[in-house]
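Here's a quick tour for anyone meeting this protein for the first time. Have a look at the structure below, then follow the notes topic by topic.

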Amino acid sequence: MFQIESIFEWLFDSETCPLCRLNKPLNEPLCLGCFSDLAKNSTPCPVCAYPLNQPDESCPDCYGEWFHFDRAQSPLTYQFPLRELFQRIKQGKNPEPLFWMSQLLAKQIDLSRFGTQPTLIPIPSHPIDHALRGFNQAEIIAQHLSRYLQLPVDRHSIHKQHRTAHQASLNRAERKANLGSTFCCNQQAPSHVLLIDDIHTTGTTFDRAAEALKAAGTVYIEAISICRTPAQ
Ligand SMILES: [Zn+2]
Ligand SMILES: [Zn+2]
């Protein structure tokens, strides 16, 4: 079992870039060269964070759609080298790249629309999937964001009721059917929520979790992820 606290301290104090192993500035997640190599989501749709070509372009991904979350933020796009890193995280059971990704995410999140302190809620995984992988990516990101942003994490309000097929292998219609009423809340949910996941694909997972949270009392939700993919 990796020691998340000690790795966090190492990362925070390290002068070594986790990607290229060259020197990096203290308190920055990466060296300037590696940071500039990441594909930034510089003109995101303000609703779903889809990477637009122009800021005033109408969004091809959420036009005609309605989501239970209020807005989405996703500072990077799912391209090299993030795509390969996420594939390795899922296959190799090594969550370490999530640590610097979370630090980078914390520096990019805009909290200006929250009039009150929001609560971080990671998208839950099913207990069987959690046991098989050994960790839930969303939970690791939420734990790190909590440290950087000094916000509480809630891991108890929402649960995943049954296992589902991997969303990545499904088209949009199949994703909606696949998730159904997967998520449920057993208690009153916080009023203002940053809902956390690693990758934002079509938004169906965020939407279903947000639906359950709003039924349990949440009034405002922003869907936060490290990177955004184009629709499939
Ligand atoms: Zn580097
Ligand atoms: Zn959109």
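Which residue in strand 7 is the bridge partner of glutamine 73? That would be isoleucine 224. Before going further, keep in mind that this is a predicted model. The protein has eight helices and seven strands, and buried residues account for 36% of its 232 residues.

- The average pLDDT for the protein is 88, and 86% of the residues score at least 70.
- Residues 1-6 are another story: pLDDT stays under 50 there, and the model gives this stretch two contacts beyond four places in sequence.

**Strand 7 and its partners**

- Strand 7 covers residues 220-228, and eight of its nine residues are buried.
- Strand 1 (residues 71-73) runs parallel to strand 7, with three bridges joining the two. The pair of glutamine 73 and isoleucine 224 belongs here.
- Strand 2 (residues 76-77) is also parallel to strand 7 and is joined to it by two bridges. Here leucine 76 sits opposite cysteine 227.
- Strand 6 (residues 192-200) is joined to strand 7 by eight bridges, again in a parallel arrangement. In this pairing you'll find aspartate 197 opposite serine 225.
- To get from strand 6 to strand 7, the chain passes through helix 8 (residues 204-215), making a right-handed β-α-β crossover.

**The nonpolar core**

- The largest nonpolar core has 43 residues, and the ones touching the most other members are Ile141, Leu195, Ile196, Ala209, Ala210, Leu213 and Ala223.
- Two or more core residues come from each of these elements: helix 4 (97-108), strand 3 (119-122), helix 6 (137-149), strand 6, helix 8 and strand 7.

**A close look at leucine 120**

- Leucine 120 lies in strand 3. It counts as buried because it has 24 C-beta neighbours inside 10 Å, and the cut-off for that label is 20 or more.
- Valine 193 is 73 residues away from leucine 120 in sequence, yet their C-alpha atoms are 5.9 Å apart in space.
- Beyond four places in sequence, the contacts of leucine 120 are Ala142, Leu145, Ser146, Leu151, Pro152, Val153, Leu194 and Ile196.

- Helix 6 has 13 residues, which at 1.5 Å a residue should span 18 Å; the C-alpha atoms at its ends are 18 Å apart, so the two values agree.
- Its run of buried residues in helix 6 is made up of Gln137, Ala138, Glu139, Ile140, Ile141, Ala142, Gln143, His144 and Leu145.
- Just past the end of helix 6, glutamine 150 has a positive phi of about 55°.
- Helix 4 is 12 residues long and reaches 17 Å from first C-alpha to last, close to the 16 Å expected at 1.5 Å a residue.
- The buried residues in helix 4 include Leu98, Phe99, Trp100, Met101, Ser102, Gln103 and Leu105.

- Phenylalanine 80 and proline 81 are joined by a cis peptide bond, with omega at about 0°. Proline 81 is in the loop between strand 2 and helix 3 (82-92).
- Arginine 21 isn't a glycine, but it has a positive phi of about 65°. You'll find arginine 21 in the loop between helix 1 (4-13) and helix 2 (32-37).
- Alanine 49 isn't a glycine either, and its phi is positive at about 70°. Its place is the loop between helix 2 and strand 1.
- Alanine 49 is buried, though, with 27 other C-beta atoms within 10 Å.

Note on methods. Residues are numbered from 1 along each chain as its sequence is written. Chains are lettered from A and ligands numbered from 1 in the order in which they are written. This is a predicted model: local features need pLDDT of at least 70, side-chain atom pairs count only at pLDDT 80 or more; totals for chains, interfaces and linings use all residues. A residue is buried if 20 or more other C-beta atoms lie within 10 Å of its own, exposed if 12 or fewer, and partly exposed in between; C-beta atoms are placed from the backbone. Helices (H or I, at least four residues) and strands (E, at least two) are DSSP runs, numbered from the N terminus. Two strands pair if DSSP finds at least two bridges between them. A crossover is right-handed if, with the strands pointing away from the viewer, the path from the first strand over the helix to the second runs clockwise. A nonpolar core is a set of buried Ala, Val, Leu, Ile, Met, Phe, Trp, Tyr and Cys residues joined through C-beta atoms within 7 Å. The expected span of a helix is 1.5 Å times one less than its number of residues. Two residues are in contact if their C-beta atoms, placed from the backbone, lie within 7 Å. pLDDT is the predictor's confidence in each residue, from 0 to 100.
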